[in-house]
Amino acid sequence: MRAFLWFLGAIVLAGLLGATLAYPAYELTSSFADWAFHRVASRIAMLILALMLFWLCRRLNLKRKQDLGFGLPWRRFLTVCLLWGAIGIGTAGLGAAFLLAAHLRVADSAFAVTVPSLAHIFLVGVASGLSVALIEETVFRGALHSGVERESGPWMAALSSAPLFAVLHFFAKVRIPPADLGWGSGFDLLLLSFAPLRHPALVLDAFLAWLIVGLILSLTRVLTGNIAVAIGLHAGWVVVLRMLQQGTQSGGASAHSAWVGRFDGLLGYWMLPWGIAIAAALWLARSAWVPYASGARASSL
């Protein structure tokens with residue numbers, strides 16, 4: 001697990017350096033952009049992490065595109081991404097339908113349901129989904145998975161990366177009022193982001209939701225040897241998530257409210273049967289989809 005510890009150390013160090021630089025960066029950007037502090041802080045941390053991971057991958061000899069999960073020919077890779085992106089939207093759409101039918105999410109009164117507004121939030125979701133999926137899958141199911149797999153095998157790589165993936169999704173989900181910002185606000189953001197983990201019962205549903213997502217994506221990496229399916233599914237899920245965030249609000253009075261956690265009003269225990277069903281379908285149908293997604297069938301692309 002030496003590779004896992006290297007990646008964990010890089011993530012921790014990037015978080016600390018990002019916390020140090022967050023407020024100065026916010027002050028510099030506030031003169032020409034009205035960006036929220038938590039967004040500036042998260043982007044700074046991601047930039048630092050990207051630079052550190054570039055160095056770390058070279059140190060761990062993760063230099064080939066296969067090591068980052070991009071082993072398929074590009075045309076095949078893009079085709080698989082698009083196909084599974086559509087599947088991601090479809091499977092997340094089923095989850096969204098459940099949330100709406102159970103009144104766990106209700107239409108936001110501030111959102112006008114028109115063709116242009118729906119097209120706008122869809123395009124925002126696509127942009128967010130592509131960027132998030134490409135970055136996170138390259139790191140978690142790409143470099144991190146390859147590094148751990150070399151030492152401990154593919155299943156240990158999957159089981160170690162998924163919990164880390166889940167924990168890191170708590171970062172920068174809190175807001176610090178502008179009036180309270182100061183030179184130590186980057187560290188305040190770090191502490192506030194992960195403070196809920198000190199009370200597991202309050203965030204267990206959100207953690208398990210992110211964990212099942214991470215395990216599903218890791219399963220596709222184990223089965224195919226690349227991250228094309230993971231990028232597609234991840235991007236498709238984010239598209240629907242962003243649309244729900246922008247077009248709906250929490251329906252806290254629902255009789256089924258126990259299925260959705262208080263962390264963000266979207267994630268919750270409902271994702272466990274949803275995720276298990278997806279994982280089971282992927283496993284049982286692997287002979288039908290894995291050959292093409294893994295490049296096992298010869299292709300002239």
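What you see is a predicted model, where local features need pLDDT of at least 70, side-chain atom pairs count only at pLDDT 80 or more, and totals for chains, interfaces and linings use all residues. Residues are numbered from 1 along each chain as its sequence is written, and side-chain values use heavy atoms, with hydrogens and water left out.

Let's start on the surface. Arg-39, Arg-43, Lys-173 and Arg-175 form a patch of positive charge there. Patch members have over 30% relative accessible area and no salt bridge, and like charges are joined within 9 Å. A salt bridge here is a side-chain nitrogen of Lys or Arg within 4 Å of a carboxyl oxygen of Asp or Glu. Arg-175 sits in the loop between helix H5 (154–168) and helix H6 (185–194); helices are DSSP runs of H or I with at least four residues, numbered from the N terminus. With a relative accessible area of 52%, Arg-175 is exposed, meaning over 50%, while buried means under 20% (1.4 Å probe, protein chains only).

Now to helix H5 itself, where we find Ala-162. This alanine is buried, at 0% relative accessible area. Leaving out residues up to four places away in sequence, Ala-162 touches Leu-211, Gly-214 and Leu-215, where contact means heavy atoms within 4.5 Å. Ser-218 is 56 residues from Ala-162 in sequence, yet their C-alpha atoms are 7.2 Å apart.

Last stop: Ser-128, in helix H4 (residues 115–152). Is Ser-128 buried or exposed? Ser-128 counts as buried, because its relative accessibility is 14%. Thanks, everyone!

Methods. Patch = residues over 30% accessible without salt bridge, like charges linked within 9 Å, V, L, I, M, F, W, Y side chains within 5 Å. Areas by Shrake-Rupley, 256 points an atom, 1.4 Å probe, with all protein chains shown as cover. Lys, Arg positive; Asp, Glu negative; His and termini not counted. Charge placed at Lys NZ, Arg CZ, Asp CG, Glu CD. Helix = DSSP H or I, 4+ residues; strand = E, 2+ residues; numbered from the N terminus.
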